[in-house]
2 protein chains.
Amino acid sequence: MVSADTRPRRRADAERSITRIVSAARECLSRDPDATMEDIAKAAGVGRMTVYGHFRTRPGLVEAALAEALRAGELTLGSVDLTGDARQAMNRLLASSWSLVAESAALLSAAQRVLPEGRLRELHTGAADRVEQLIGRGQGDGVFRTDMPVTWLVNAVQYILHGAAEEIRLGRLDPAEASDVVTATVQSILAAPAHTGS
Amino acid sequence: MVSADTRPRRRADAERSITRIVSAARECLSRDPDATMEDIAKAAGVGRMTVYGHFRTRPGLVEAALAEALRAGELTLGSVDLTGDARQAMNRLLASSWSLVAESAALLSAAQRVLPEGRLRELHTGAADRVEQLIGRGQGDGVFRTDMPVTWLVNAVQYILHGAAEEIRLGRLDPAEASDVVTATVQSILAAPAHTGS
DNA sequence: TCTATCCCGTACGGGAATGTACGAGTTAAC
DNA sequence: GTTAACTCGTACATTCCCGTACGGGATAGA
């Protein structure tokens, strides 16, 4: 927040470089959490030193990339209608954002390794909270199960998305049917049991 | 397989060291896939050089640790009764092996990074196949859903187990209730829809 | 045009991890 | 008790990546 305010004078090409670098960082780190500064620089089409010109350390760049991904997430999340039937709302949410969340999983793990303990959760809270609220509302309406902690349900969904991304990356899941598979799986996890059998 | 056969002469203390090293490797790599040779040596209570005396390279040690974990897995898997109702069989399977599978997740990812492409799947096939067969049988019996690829179901279960391990590690899931949560979640994913709705 | 900003290559230093070499002390096995 | 095997410390070479320093060249912005 400091750099953007106290440094209002920045040349247009620098702005463009930064955009490309952060974007490249997202892409690289999402594929390999151990991606090197040079890997990222190459992907951005700039020299390694140019990267250091804008981001003094690797953690700094990782955080910027994560922040960018989260901003994009917040944006799409904010544009989704979460009212009405919680199941339908969840479907809409997944339809518009599952691939984004899934692809960011590796980036998240990269951040987890280089950022101080609380920092990640601090940044990530916004997005997770909204999902948690939706699930909570669904529980209140009786359409989602209540026999498990909400935290677990939220994270179980996360892990399914992560898994779907991995399966696609490994060529074991057809990207075309991934969306349907993910929504169906998530609905199964969240659904309230039809009857209270043993 | 080679070292055990062509080198029948090994002193008892060496045998003990190897056991301790492999065991320590499992433990360390399951907590941190990037665990160092020195970390492992320290955990095993031996010097780093002793480790190199038995495993020339890190990948070699990782493979040995993975093989050990898989052997343990095969052992428990083999002792589980997989006949009868597929759902019950799955519950028995999970009850006896979910924590082992879950804890080995990090080890698996460590292996994925240092072992050549096909090697991991080659080693891991045995265990995965058995789960796949059980799910396939459940589908044939009409108790498990058939609207998704079996491969996806198998891996979705994997990812749930992985997630459960992570949640426990982060203190967000009570180990005492983890078993119930896992089995219930897995059953939800696998269950055939009660009625053929829209 | 002129200047401050930015691009980017080479070069260097530091740190961490892997794997090798040597060798002295210890211990199992015969 | 003798020998061969094992332990394990120090020291070293190598590699990889991070981050810094310097400086020449290109370019946006006035």
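A residue is called buried when its relative accessible area is under 20%, exposed when that area is over 50%, and partly exposed in between (1.4 Å probe, protein chains only). By this rule B:Thr185 counts as buried because its relative accessibility is 0%.

This report describes a predicted model, in which local features need pLDDT of at least 70 and side-chain atom pairs count only at pLDDT 80 or more, while totals for chains, interfaces and linings use all residues. Residues are numbered from 1 along each chain as its sequence is written, chains are lettered from A in the order in which they are written, and side-chain values use heavy atoms, with hydrogens and water left out.

## Chain A as a whole

Chain A contains 10 helices and zero strands; here helices (H or I, at least four residues) and strands (E, at least two) are DSSP runs, numbered from the N terminus. Its pattern along the sequence is therefore written α-α-α-α-α-α-α-α-α-α. The C-alpha trace of chain A spans about 65 × 40 × 30 Å along its principal axes. Of the 198 residues in chain A, 40% are buried. The accessible surface of this chain comes to about 10600 Å², and carbon and sulfur atoms account for 51% of that surface.

Among contacts in chain A between residues at least 6 apart in sequence, 67% join residues at least 24 apart.

## The interface between chains A and B

How many residues of each chain are in contact with the other chain? Chain A contributes 26 residues and chain B contributes 26 residues. The size of an interface is often given as the accessible area lost when the parts come together. Buried area is accordingly the accessible area (1.4 Å probe) that two parts lose on being put together, summed over both. Between chain A and chain B this area is about 2300 Å², and carbon and sulfur atoms give 61% of it. A:Trp152, A:Tyr159 and A:Arg172 supply 28% of the area that chain A buries against chain B, more than any other three residues.

The rule finds 10 residue pairs in polar contact across the interface, both residues being at pLDDT 80 or more. A polar contact is a pair of N or O atoms within 3.5 Å; within protein, one must be able to donate a hydrogen and the other to accept it, and residues adjacent in sequence count only if both atoms are side-chain atoms. On the side of chain A that touches chain B, helices α7 (105-114), α9 (150-169) and α10 (175-190) each supply at least two residues. Helix α9(A) gives the most, with 11 residues. By class, this side of chain A has 11 nonpolar, seven polar and eight charged residues. Ala, Val, Leu, Ile, Met, Phe, Trp, Tyr, Cys and Pro count as nonpolar, Asp, Glu, Lys and Arg as charged, and the others, Gly among them, as polar.

## The surroundings of B:Thr185

B:Thr185 is found in helix α10 (residues 175-190) of chain B. Which residues does B:Thr185 touch, not counting residues up to four places away in sequence? They are A:Met148, A:Trp152, A:Ile189 and B:Ile160. The side chains of B:Thr185 and A:Trp152 are joined by a polar contact of 3.1 Å. Within chain B, the side chain of B:Thr185 reaches the backbone oxygen of B:Val181 at 2.7 Å.

## Salt bridges

Side chains of opposite charge can pair when their charged atoms come close. A salt bridge is a side-chain nitrogen of Lys or Arg within 4 Å of a carboxyl oxygen of Asp or Glu. The whole structure has 28 salt bridges over all chains, and two are found across the interface of chain A and chain B. The table gives some examples.

| Residue | Partner | N to O distance |
|---|---|---|
| A:Arg113 | B:Asp34 | 3.1 Å |
| A:Glu166 | A:Arg169 | 3.4 Å |
| B:Arg145 | B:Asp147 | 2.8 Å |

A:Arg113 is partly exposed, with a relative accessible area of 40%, and B:Asp34 is partly exposed at 37%. A:Asp34, A:Arg113, B:Asp34 and B:Arg113 are linked in a network of salt bridges.

A:Glu166 and A:Arg169 both lie in helix α9 of chain A, three residues apart, about one turn of the helix. A:Glu166 is buried, with a relative accessible area of 17%, whereas A:Arg169 is partly exposed at 49%. In chain B, B:Arg145 is buried, its relative accessible area being 6%.

Technical notes: Contact = heavy atoms within 4.5 Å. Areas by Shrake-Rupley, 256 points an atom, 1.4 Å probe, with all protein chains shown as cover.
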